[in-house]
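Notebook open. Today I look up charged side chains and how they pair.

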Amino acid sequence: KMDHVVSLAQLEILCKQLYETTDTSTRLQAEKALVEFTNSPDCLSKCQLLLERGSSSYSQLLAATCLSKLVSRTSNPLPLEQRIDIRNYVLNYLATRPKLAAFVTQALIQLYARITKLGWFDCQKEDYVFRNVIVDVTRFLQDSVEHCIIGVTILSQLTNEINQVSSSTLFHDADTTHPLTKHRKIASSFRDSSLFDIFTLSCNLLKQASGKNLNLNDEGQHGLLMQLLKLAHNCLNFDFIGTSTDESSDDLCTVQIPTSWRSAFLDSSTLQLFFDLYHSIPPSLSPLVLSCLVQIASVRRSLFNNAERAKFLSHLVDGVKRILENPQSLSDPNNYHEFCRLLARLKSNYQLGELVKVENYPEVIRLIANFTVTSLQHWEFAPNSVHYLLSLWQRLAASVPYVKATEPHMLETFTPEVTKAYITSRLESVHIILRDGLEDPLDDAGLVQQQLDQLSTIGRCEYEKTCALLVQLFDQSAQSYQELLQSTNSSSMDIAVQEGRLTWLVYIIGAVIGGRVSFASTDEQDAMDGELVCRVLQLMNLTDSRLAQAGNEKLELAMLSFFEQFRKIYIGDQVQKSSKLYRRLSEVLGLNDETMVLSVFIGKIITNLKYWGQCEPITSKTLQLLNDLSVRKLVKLSAVQFMLNNHTSEHFSFLGVNNQSNLSDMRCRTTFYTALGRLLMVDLGEDEDQFEQFMLPLTAAFEAVAQMFSTNTFNEQEAQRTLVGLVRDLRGIAFAFNAKTSFMMLFDWIYPSYIPILQRAIELWYHVPACTTPVLKLMAELVHNRSQRLQFDVSSPNGILLFRETSKMITTYGNRILTLGEVPKDQVYALKLKGISICFSMLKAVLSGNYVNFGVFRLYGDDALDNALQTFIKLLLSIPHSDLLDYPKLSQSYYSLLEVLTQDHMNFIASLEPHVVLYILSSISEGLTALDTMVCTGCCSSLDHIVTYLFKQLSRSTKKRAAPMAQESDRFFHIMQQHPEMIQQMLSTVLNIIIFEDCRNQWSMSRPLLGLILLNEKYFADLRNSIVNSQPPEKQQAMHLCFENLMEGIERNLLTKNRDRFTQNLSVFRREVNDSMKNSTYGVNSNDMMS
């Protein structure tokens, strides 16, 4: 055990070991010792000593990080005076030592920001002590360049810290129930009290800097300008109204600047400042300027009236024009990227009708078009930025039909140039990529798909030109390709180039056909689509005829993408059969109607499955296509009948049990059998012989596995492969059979003959998820009462027997999986939680399927139900709370199961041990604030069932002729009385979410709230008073009234009529409270109630 009084010298050595050593065990020892140091009572004074006397930068870093941990502590927080002292100490320390190592300065500034954020609402003698930020920083700004940098970095870091939800350790501790609410309160208060001053300050300092002749070769001045730009960007990037929890939705972004900032944006000098800076500073800094401009260009429209917006847009477009006329700096990839983002914002925030009215519009649109064309031609430069340029043109092209302005938009001139540049540059890239062995963009399917989606709209503008170009390019490539194939001495390189070009063309043709909009399409355009489709189908005939010798995977994937688009637009019930496209197909290829076209589809699907069975991407996309085709029309085709009669591995190689492939590669079998199952059902009716016939290959496989299991020595690998393939096939069929007659045939086929084999597989291979997952998923599918397919006859015990098998499987798997012991964190989902999650779904499906009366089990002394429920509890207790919410599939299956249990099996829940009850309650409490609405809604209804149960028991026990309470409810009641804080905390959580957060499921939230209030009337009254008192004095009366109205006309019962009235009152309450809060800068300090 380390002695508490560690000497400074020892600490310094530990710091060195922690940050410098390469030996892992030494580092871990040092880390362990330092963790103990952080938790020791004299850590605070030691940190100060380290900062005062420490000889190395590492010990200063340690002190700063330890102090950050101390001030963020929620369990035993530092008193206010101490935090004020630390803050003042840090500021003085930074002011007197401007030349510390950069990482130490950074850590100290982080500490200052953390103290300020967490203490934002702390008062001393009527004064908010941590809010005089600008005063704190001013003295730095009046000193040397190093001091200025520190001052600006403090503001920048603080803005960032307040804007970030997760950065603070505040949100990892158990007792902070509303991290988000608390965070929003601090952020909105900071926004209203300080942010505009900070932004203005940063602009003024930038103006001063751009006025001087800066020497940017001087490290200090370069650093200062960089920090100033970062500060301005952090201010503009602030989450003003608490919406952007998701970083990825970059491009729909509107910056919600508060109305009080109008002056800064109406004054054109702000915009001018950033454009001027861009032209006067080096490429190392200019990307930051452009990032600021992107945010400024995205200011919400409603900040201006129409005249102001036109003026602002005109300044913005002028600035863009000036950059395009002097494009030297754009050769820097970061500048180029930000500039492309800026161009995209021109259309996401302004309308085409507004853009065309700008003074130099014709010149600007010409410059942007040239810039785009050049960018597309240099396809190897900054490929990720192209997305923004294409999104600008996509939005421009999409607006053409709607623009009312009389000024010409000139897009009919420039859009075809963009289309042409995209298409020709992709084709030209093929040769170079092959020649130099570069990365092929076609390998990044997501990126290609995104670009093609954008192109589908752009290419439809002036569609005649697009089609003419595609026809010309396609004919050239296809002809060269054919000649190369016929010639005996052609090089494989030349063939590869033509195949690559054709691959792009097939993708692009699919995309532009998919861009057809039914109301805007003309007969001429449909005829042009016909020209394109004929060419792709002719190419397909050529490539299919060569598959026995060679095939090209990328070209095949492009064909599938084309078929998918073609299917969406031209196949289905809403398409005019007289469409000009079909006329063209019939003239050129003799395909006279939809049925003939469908047989081409099916022919292609069968060809792919035959030749590409070992190629997973092609197989799975081919099967997806089969699944998406409309079923009724297909059944008549002879090719489909062939599939229904011959689904064996000799015809479809991917059904074979070959030992090369991976067990998890058999997923496509489920898709295949879902499609076959749907096709079979069309004409199956009650024909059991036809069903038996269809199932023959699967029967044979089951018999083979049964045969293996019956001998003691069998080839385990072969058994696993046969079984996994089989259960995947069966799950596909079970999923497709959603009618009672067909599903019952399947049920009688599998039960009782084959279920024991599945049970045996779980016993043998419980530790091999590649085997258990498919088996458990099949069982979960079999017990799922889809479209009421599991309706057994009155005299049939099958429902109960099926539940027994389910219970047996859950118990077998559950008890065995718990013997695995410690599983490493990175494998815990795959090895354990995934299987448990499927068991939860299975149990939920069978409990809510309505085909078993669960009362009979206890009546006849059958322990199937008890076993299943006890296993559920054992499994649940083996999972830490955090995992329940961290793995989305697990949380959905757990919370939906809990909802069923609290609804129908409350007696079971009530009979559990206290620690289990508390575990379940706290999982509900945590789920209430989950981001996933499904989880949150499930928690609300579970909580509602529990609260209703408690309330009923309470009302019963107060009646005159009360029957004695059942033993379990008595015990449950007792647990609740001993832990009133559980229910109270949930009351507080629900109320806080409804008042302060963007509550997406208000109806669900309202259901448990009434019961919570009726069970805790005194606590509710205290909570209400604390909320009212935390409002500014002039608002208190209004808030009090809101609460009065909430309970207006509500009686002390949970009858449906009373609940509905409460739900109505609550939505009025939420509206009124929000209106009252909008005009107020104060939030609620719910923490008073938590303590």
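**Entry 1**

I started with R535: is it buried or exposed? I found a relative accessibility of 17%. Buried means under 20%, so R535 counts as buried. I kept in mind that this is a predicted model.

Next I looked for a partner. The side chain of R535 meets that of D475 in a salt bridge, at 2.8 Å from N to O. The two sit in distant parts of the chain, 60 residues apart. R535 belongs to helix α23 (residues 523-545), and D475 belongs to helix α21 (residues 463-486).

Side chains of opposite charge can pair when their charged atoms come close.

**Entry 2: K633 and E594**

I moved on to a second pair. K633 and E594 form a salt bridge through their side chains, with 2.9 Å from N to O. Which helices hold them? K633 is in helix α28 (residues 631-635), and E594 is in helix α26 (residues 594-611). The pair therefore ties together parts that are 39 residues apart in sequence.

I compared the cover on each side. E594 is buried, at 6% relative accessibility. K633 is partly exposed, at 29%.

**Entry 3: E913 and R971**

E913 lies in the loop between α42 (906-910) and α43 (914-928). R971 lies in helix α45 (residues 967-978). They are 58 residues apart in sequence, so this bridge also ties separate parts together. I logged E913 as partly exposed, at 43% relative accessibility. R971 is partly exposed as well, with a relative accessible area of 35%.

**Entry 4: the network and the count**

Then I returned to D475 and R535. Which residues join them in one network? I listed E531, R584 and E587. The link comes from salt bridges that share partners.

How many salt bridges does the whole structure hold? My search gave 40.

**Entry 5: a negative patch**

Last, I turned to the surface. I found a patch of negative charge there. E686, D687, E688, D689, E692 and D748 gather in it. Which helix gives the most to this patch? Helix α31 (residues 688-710) does, with three residues. I also placed D748, which is in helix α33 (residues 740-750).

Definitions and conventions
Residues are numbered from 1 along each chain as its sequence is written. This is a predicted model: local features need pLDDT of at least 70, side-chain atom pairs count only at pLDDT 80 or more; totals for chains, interfaces and linings use all residues. Side-chain values use heavy atoms; hydrogens and water are left out. Patches are made of residues with over 30% relative accessible area and no salt bridge: like charges are joined within 9 Å, nonpolar side chains (Val, Leu, Ile, Met, Phe, Trp, Tyr) within 5 Å. Accessible areas come from the Shrake-Rupley method with a 1.4 Å probe; for residues, only the protein chains shown count as cover. A salt bridge is a side-chain nitrogen of Lys or Arg within 4 Å of a carboxyl oxygen of Asp or Glu. Lys and Arg count as positive and Asp and Glu as negative; His and the chain ends are not counted. The place of a charge is taken as NZ of Lys, CZ of Arg, CG of Asp or CD of Glu. Helices (H or I, at least four residues) and strands (E, at least two) are DSSP runs, numbered from the N terminus. Buried means under 20% relative accessible area, exposed over 50%, partly exposed in between (1.4 Å probe, protein chains only).
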